[in-house]
Amino acid sequence: MLAGPWKTATIDIDRASEFTGDDVDQFSSLVDLGADFEFLTVFVPTITSAVVEPWVQRDGAIATVPVAVVALDDDATGHFAHATTAGTGGIVVTFRIGGCQYVRVKAAANQAADRAFTIRGYNRS
């Protein structure tokens, strides 16, 4: 397994908006994983209960609008966004991000305070 270094993706509820459609209470700062990775491991801290998911960008420009990661389901007849529900935190989740380098963590509900997610990209070989 080839893994990148641990990084912090912070939802800073006081930061300025960075891209069109940004919700600073839900999106983390942009994180450069340092290389293209197939998977993203996310340690979820205690948060205001919300679905947590990775959003990715093609480049490292702060103003680039990120997009949700979508995967085919088991029988390839549809697709779904990768997500997990977390309330009190204390969980780790791994998402398939398909070879992306620039990511944000999104919580689907407004956070009451700043949240720091510890993240890391990795490849199988």
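1. Core first: the largest nonpolar core has 22 residues, and those with the most contacts inside it are Leu-33, Val-42, Ile-97, Val-103, Phe-117 and Ile-119. (A nonpolar core here is a set of buried Ala, Val, Leu, Ile, Met, Phe, Trp, Tyr and Cys residues joined through side-chain atoms within 4.5 Å; buried is under 20% relative accessible area, exposed over 50% and partly exposed in between, with a 1.4 Å probe and protein chains only.)

2. Some ground rules. This is a predicted model, with local features needing pLDDT of at least 70 and side-chain atom pairs counting only at pLDDT 80 or more, while totals for chains, interfaces and linings use all residues. Residues are numbered from 1 along each chain as its sequence is written, and side-chain values use heavy atoms, with hydrogens and water left out.

3. (Strands are DSSP runs of E with at least two residues, helices are H or I runs of at least four, and both are numbered from the N terminus.)

4. Setting aside neighbours within four places in sequence, Ile-97 is in contact with Leu-33, Phe-37, Glu-38, Phe-39, Leu-40, Pro-54, Val-56, Val-69 and Val-103. (Contact means heavy atoms within 4.5 Å.)

5. On to the rings: there are four aromatic pairs in the structure. In one of them, Phe-19 and Phe-27 have ring centres 5.2 Å apart and planes at 85 degrees, so this pair is edge-to-face. (Rings of Phe, Tyr and Trp, the last by its six-membered ring, pair if their centres lie within 6.5 Å; planes under 30 degrees apart are stacked, over 60 edge-to-face, the rest tilted.) Both partners are buried, Phe-19 at 7% relative accessible area and Phe-27 at 4%.

6. Phe-39 and Tyr-122 make a stacked pair, because their ring centres are 5.0 Å apart and their planes at 20 degrees. Phe-39 sits in strand 3 (residues 31-44) and Tyr-122 in strand 10 (residues 115-123), so the pair ties together parts 83 residues apart in sequence. Phe-39 is buried at 12%, and Tyr-122 also counts as buried at 17%.

7. Phe-19 and Phe-27 turn up again with Trp-55: the three form one aromatic cluster.

8. Worth a look: where does Gln-111 sit? Gln-111 is in the loop between strand 9 (91-107) and strand 10, and is buried at 4% relative accessible area. Leaving out neighbours within four places in sequence, Gln-111 is in contact with Ile-11, Ile-13, Asp-25, Ile-47, Thr-48 and Ala-50.
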